[in-house]
Amino acid sequence: MDILQISGIALTGAVLAVVLKQKSPPMAVLLSITVGVIIFLLVLGKIGAIIDILRQLSERADISSVYLGTLLKIIGIAYIADFIAQICRDADQGAFATKVELAAKVMVLVLAVPIMVAVLQALLRLIP
(Lines give C-alpha, C1' and ligand atoms only; values in the text may rest on other atoms or scores of the structure.)
Protein backbone atom coordinates (compact mmCIF):
# COMPACT_ATOMS: atom_id res chain seq x y z
CA MET A 1 0.00 0.00 0.00
CA ASP A 2 2.88 2.33 0.76
CA ILE A 3 4.33 1.90 -2.69
CA LEU A 4 1.02 2.94 -4.23
CA GLN A 5 1.03 6.10 -2.11
CA ILE A 6 4.65 6.85 -2.98
CA SER A 7 4.05 6.17 -6.67
CA GLY A 8 1.04 8.48 -6.65
CA ILE A 9 3.04 11.26 -5.02
CA ALA A 10 5.89 10.76 -7.48
CA LEU A 11 3.65 10.74 -10.55
CA THR A 12 1.75 13.82 -9.39
CA GLY A 13 5.01 15.59 -8.69
CA ALA A 14 6.42 14.60 -12.06
CA VAL A 15 3.40 15.93 -13.95
CA LEU A 16 3.45 19.18 -11.99
CA ALA A 17 7.21 19.52 -12.50
CA VAL A 18 6.83 19.13 -16.27
CA VAL A 19 4.15 21.83 -16.33
CA LEU A 20 6.14 24.13 -14.04
CA LYS A 21 9.41 23.58 -15.92
CA GLN A 22 8.03 25.40 -18.96
CA LYS A 23 6.98 28.48 -17.00
CA SER A 24 9.32 28.55 -14.01
CA PRO A 25 12.24 26.10 -14.00
CA PRO A 26 13.42 27.05 -10.46
CA MET A 27 9.97 26.23 -9.07
CA ALA A 28 10.09 22.88 -10.85
CA VAL A 29 13.38 22.09 -9.11
CA LEU A 30 11.93 23.12 -5.74
CA LEU A 31 8.91 20.91 -6.39
CA SER A 32 11.23 18.04 -7.26
CA ILE A 33 13.17 18.50 -4.02
CA THR A 34 9.95 18.72 -2.01
CA VAL A 35 8.54 15.54 -3.52
CA GLY A 36 11.85 13.78 -2.90
CA VAL A 37 11.90 14.84 0.75
CA ILE A 38 8.28 13.74 1.24
CA ILE A 39 9.04 10.31 -0.23
CA PHE A 40 12.20 10.05 1.87
CA LEU A 41 10.24 10.85 5.04
CA LEU A 42 7.60 8.24 4.16
CA VAL A 43 10.30 5.59 3.83
CA LEU A 44 12.29 6.72 6.87
CA GLY A 45 10.01 4.87 9.29
CA LYS A 46 10.76 1.58 7.55
CA ILE A 47 14.47 2.04 8.05
CA GLY A 48 14.07 1.94 11.84
CA ALA A 49 12.62 -1.56 11.66
CA ILE A 50 15.52 -2.73 9.51
CA ILE A 51 18.04 -1.26 11.95
CA ASP A 52 16.37 -3.11 14.83
CA ILE A 53 16.61 -6.41 12.95
CA LEU A 54 20.27 -5.82 12.10
CA ARG A 55 20.97 -4.94 15.73
CA GLN A 56 19.37 -8.19 16.92
CA LEU A 57 21.30 -10.22 14.36
CA SER A 58 24.60 -8.63 15.37
CA GLU A 59 23.91 -9.40 19.04
CA ARG A 60 23.18 -13.04 18.19
CA ALA A 61 26.31 -13.29 16.08
CA ASP A 62 28.34 -11.55 18.81
CA ILE A 63 29.50 -8.86 16.40
CA SER A 64 30.69 -5.61 17.93
CA SER A 65 28.23 -2.74 17.74
CA VAL A 66 31.06 -0.60 16.37
CA TYR A 67 30.99 -2.59 13.12
CA LEU A 68 27.21 -2.39 12.89
CA GLY A 69 27.35 1.35 13.47
CA THR A 70 29.97 1.73 10.77
CA LEU A 71 27.91 -0.38 8.37
CA LEU A 72 24.83 1.75 9.03
CA LYS A 73 26.86 4.93 8.45
CA ILE A 74 28.06 3.54 5.11
CA ILE A 75 24.50 2.69 4.08
CA GLY A 76 23.33 6.15 5.15
CA ILE A 77 26.08 7.87 3.19
CA ALA A 78 25.19 5.86 0.09
CA TYR A 79 21.48 6.66 0.29
CA ILE A 80 21.94 10.35 1.08
CA ALA A 81 24.56 10.81 -1.64
CA ASP A 82 22.31 9.11 -4.19
CA PHE A 83 19.35 11.24 -3.10
CA ILE A 84 21.34 14.47 -3.39
CA ALA A 85 22.93 13.44 -6.68
CA GLN A 86 19.49 12.80 -8.16
CA ILE A 87 18.31 16.23 -7.01
CA CYS A 88 21.38 17.78 -8.63
CA ARG A 89 20.61 15.92 -11.87
CA ASP A 90 16.99 17.09 -11.72
CA ALA A 91 18.36 20.64 -11.53
CA ASP A 92 20.53 19.95 -14.61
CA GLN A 93 23.68 20.08 -12.46
CA GLY A 94 25.24 16.77 -13.41
CA ALA A 95 28.72 17.95 -12.46
CA PHE A 96 27.63 18.56 -8.87
CA ALA A 97 25.97 15.15 -8.82
CA THR A 98 29.21 13.50 -9.90
CA LYS A 99 31.13 15.35 -7.19
CA VAL A 100 28.66 14.28 -4.50
CA GLU A 101 28.98 10.67 -5.63
CA LEU A 102 32.77 10.88 -5.62
CA ALA A 103 32.79 12.37 -2.12
CA ALA A 104 30.45 9.63 -0.91
CA LYS A 105 32.69 6.93 -2.37
CA VAL A 106 35.72 8.37 -0.60
CA MET A 107 33.82 8.62 2.69
CA VAL A 108 32.59 5.04 2.37
CA LEU A 109 36.12 3.85 1.69
CA VAL A 110 37.42 5.69 4.76
CA LEU A 111 34.73 4.11 6.93
CA ALA A 112 35.25 0.66 5.44
CA VAL A 113 39.00 0.45 6.09
CA PRO A 114 38.69 -0.54 9.79
CA ILE A 115 36.20 -3.27 8.87
CA MET A 116 38.47 -4.59 6.12
CA VAL A 117 41.40 -4.61 8.57
CA ALA A 118 39.35 -6.52 11.15
CA VAL A 119 38.27 -9.10 8.56
CA LEU A 120 41.85 -9.56 7.37
CA GLN A 121 43.10 -9.95 10.96
CA ALA A 122 40.40 -12.55 11.61
CA LEU A 123 41.42 -14.43 8.48
CA LEU A 124 45.09 -14.30 9.45
CA ARG A 125 44.24 -15.83 12.85
CA LEU A 126 42.61 -18.76 11.08
CA ILE A 127 45.74 -19.49 9.09
CA PRO A 128 48.22 -21.57 11.12
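Helices (H or I, at least four residues) and strands (E, at least two) are taken as DSSP runs and numbered from the N terminus. The structure is a predicted model, in which local features need pLDDT of at least 70 and side-chain atom pairs count only at pLDDT 80 or more, while totals for chains, interfaces and linings use all residues. Residues are numbered from 1 along each chain as its sequence is written, and side-chain values use heavy atoms, with hydrogens and water left out.

Helix 2, formed by residues 25–60, contains 36 residues and extends 52 Å from its first C-alpha to its last, close to the 52 Å expected at 1.5 Å a residue, where the expected span is 1.5 Å times one less than the number of residues. A bend of about 30 degrees is found in helix 2 at Leu44, the bend being the angle between axes fitted to the seven residues ending at a position and the seven starting there. Helix 2 is followed by Asp62, which has a positive phi, near 55 degrees.

The buried residues of helix 2 are Ala28, Leu31, Ser32, Val35, Gly36, Ile39 and Ser58, and their cover includes helix 1 (2–23) and helix 3 (65–90). An α-helix has 3.6 residues a turn, so residues three or four places apart point the same way.

On helix 1, which includes Ala10, this residue counts as partly exposed because its relative accessibility is 33%. Leaving aside neighbours within four places in sequence, Ala10 is in contact (heavy atoms within 4.5 Å) with Val35 and Ile39. The C-alpha atoms of Ala10 and Ile39 are separated by 7.9 Å, although the two residues lie 29 residues apart along the chain.

Thr70, a residue of helix 3, counts as buried because its relative accessibility is 13%. Its side chain reaches the backbone oxygen of Val66 at 2.9 Å. With neighbours within four places in sequence left aside, Thr70 is in contact with Leu111 and Ile115.

The UniProt annotation "transmembrane region", from an unreviewed entry, covers residues 27–54, 66–87 and 107–127; UniProt positions are given in the numbering used here, feature names are shortened, and annotations may be inferred rather than shown by experiment. In the model, residues 27–54 are 100% helix and 0% strand, with end C-alpha atoms 40 Å apart. Residues 66–87 are likewise 100% helix and 0% strand, and their end C-alpha atoms lie 31 Å apart.

Conventions: Buried means under 20% relative accessible area, exposed over 50%, partly exposed in between (1.4 Å probe, protein chains only). A polar contact is a pair of N or O atoms within 3.5 Å; within protein, one must be able to donate a hydrogen and the other to accept it, and residues adjacent in sequence count only if both atoms are side-chain atoms.
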